[in-house]
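Please look over the sequence and the model shown below before reading on.

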Amino acid sequence: MLDTKELNENQQMAVQWDKGPLLVLAGPGSGKTFVLTRRIAHLIDRDTAARFRVLGLTFTTKAADEMHTRVKHFLGANTSRARLTTFHSFCTEVLRQHGSHLGLKPDFEILSQDMDRLPVLNDAIREADVPNMPLVNDQGIIKMIDHLLREGHDPVADTPLLGKTWVRPIYHAYLNLQLRHNHLDFGSLLVCCLRLFRDHPRIAKHYQIVYPYICVDEYQDTNKCQDMLLRALCPGTNANLFVVADDDQIIYQWNGASPERLEKLRSEYNMQVIQLPESFRCPPEVIRLANALIHFNQKRSPDKKPLTSVVMEQSSSVVCAQHFHNESAEMDWVARNIRERNLPLGECVVLARNTKLLQVAATSLQKMGLAPYRSERKSEFEYPLLCFVHSALRLANAPQNHEQIGPLCKAFYDLTDVNVRVDDAEAESGVNGGSLLRGFLDAAQSNPMISPDSQPLLTALGDQLIERLKYQEFVRAVFAWSKGRNQPEGIDKNHDEEAQEMNVWHQLSHEIRQHFSDPTLSQFLQELDLHPKVRPPKPNEVQCLTIHQAKGKEFRHVYLVGLAEDQLPSYYARQKGNASREIEEERRNCFVAITRAQSSLTLTFADRYFGWQKQPSRFLCEMGLPVSA
């Protein structure tokens, strides 16, 4: 049996919970991921001969990979009885196996960029042919469709969106076109899985039997569609639904999260509640600020216990507040303070409510000779070698995917200086059963500019990918070709970034193989599309993150900048009123930000931001740090 001596009393109660629904209200730094993974390991370890599996759901691939690593540490080979994944990856798996009921093939493509979604939208608008349609730009309609997807709307049966009856037929056509062309965007993955469970109850029943225990991390971040999926998997109020959440960390209302949803789940499932108010992360001084701040929010669990710190009190002051004339002086001081304190750069973070302020911070850090790190989401690889590999794999998976032939030709030219025209590849494909990849190969082979240096690329393409569909061997052959070429002396910025992107590829490939020991090509591509292509920070970089990007992370030294009205809280929230749900969410943003700190917390604000006079944030006073403008 697993040893639980290191768990406190409440953590042990949660891990050893027997049957039925349970809500674990877990504050920041309370060890919620530790408890969740121990709970999953405990369920499997106590019934080693059983055949049931446990489904663990979370929101980010990084969180899912961390869960998998922890459970594997406890269970070893028995980890295969736990499916630890994101909502999107789970729905992808369901649709791979059962999507044929909706007309979907297992090798469907995932549309990860708006530029790929917009052509589908334009076709949907033409197909819907809505009379007297108002003048709305494509991005506006995409936002409406995304709202419907987050709400899990049935395009046929549900009521119109805010009375806009013209949206529904476009939404209906948009979903149907995706199914017809064998691709889905992120929101449609969830909606189509939900439709599958609704229209084919036996499929939902199958997953209820396979996964009698379901554990959910960060439930407070769910949108309505994700909540409906959970309810389809757990239809009875006595279901073994184990939910970890914190209503003080709901900061995704703009993406469909809702304080009311957590309370409704708790009420309708008549959930028992175990609270984890002890923070193993934040010093007592930070916890005092956090409790004082969040107390001003009205939409909280009525029985919520205040946070307590089990971190030893530090001898020097943990919290520092600083006031400046403008944002430039503020960020220059932050950069200088990090250097003067001689802090380990990888243990520092600059947090702000918006990216505009982070850009000023990054500039100040650079002036001080410090390297900033900005986490900007990337859904595609950018450098020629990986573009060539990725496009070739996509064409091997979907031979008539015309969107990929252009990137393949461009990447090949960037690598070899050989220009294979898209028209020539498409013409050759006409005599090869419509396979664009074979058409590209034939057009390239007949090009007089092909040199002995570039021939191994085409050999790998033909022998490994087209003839045998050995995609992993193809990837290894292409990488070996690249490694064997003569590289220019020294490493410039472009080569450094390409090396970093290669590291991202290898890391993602490793993580995918952890979950699928021998993934098929379609599995590999789908999982690759579900993972962001962002490189991790280096140890010598100061991270500059929005509060949303920092959620779920912790840092020894936190600098929360821009604590002024119209910054934090935002201008939009202020316009909604002092008692609005928007102001409460801004307060939760501030709560999340300060509770990232493990050793020190520095709060800064200025009189002027980008030329506009501002007042100090109300949150400073609410934390018990009165200031004058």
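The sections below describe a group of paired strands and the helices that accompany them.

## Basis of the model

This is a predicted model, in which local features need pLDDT of at least 70 and side-chain atom pairs count only at pLDDT 80 or more, while totals for chains, interfaces and linings use all residues. Residues are numbered from 1 along each chain as its sequence is written, and side-chain values use heavy atoms, with hydrogens and water left out.

Helices (H or I, at least four residues) and strands (E, at least two) are DSSP runs, numbered from the N terminus.

Strand 2, which spans residues 54-58, is mostly covered, with five of its five residues buried; buried means under 20% relative accessible area, computed with a 1.4 Å probe on protein chains only. In a regular strand the side chains alternate between the two faces of the sheet. In strand 2, V54, G56 and T58 point one way, whereas L55 and L57 point the other way.

Strand 2 pairs in the parallel sense with strand 3 (residues 82-86) over five bridges, where pairing requires that DSSP finds at least two bridges between two strands. Within this pair L57 stands opposite T85, and L57 also stands opposite V216 in strand 6. Strand 2, helix 3 (residues 61-75) and strand 3 together make a right-handed β-α-β unit; right-handed here means that, with the strands pointing away from the viewer, the path from the first strand over the helix to the second runs clockwise.

Strand 6 pairs in the parallel sense with strand 2 over four bridges, and Y213 stands opposite V54.

Strand 6 also pairs in the parallel sense with strand 7 (residues 240-245), over four bridges, with V216 opposite V243. From strand 6 the chain crosses through helix 10 (residues 224-233) to strand 7, and this β-α-β crossover is right-handed.

## Helix 10 against helix 11

The axes of helix 10 and helix 11 (residues 259-268) come within 12 Å and cross at roughly 15°; axes are lines fitted to C-alpha atoms, for helices over the stretch in contact, and angles run from 0 to 180 degrees between N-to-C directions. Helix 10 and helix 11 are therefore roughly parallel to each other, a term for angles under 35 degrees.

K224, D227 and R231 in helix 10 meet R261, K264, L265 and E268 in helix 11, where contact means heavy atoms within 4.5 Å.

Key
Parallel < 35°, antiparallel > 145°, perpendicular 65-115°, else oblique. Buried < 20%, exposed > 50% of the residue type's maximum accessible area, 1.4 Å probe, protein only.
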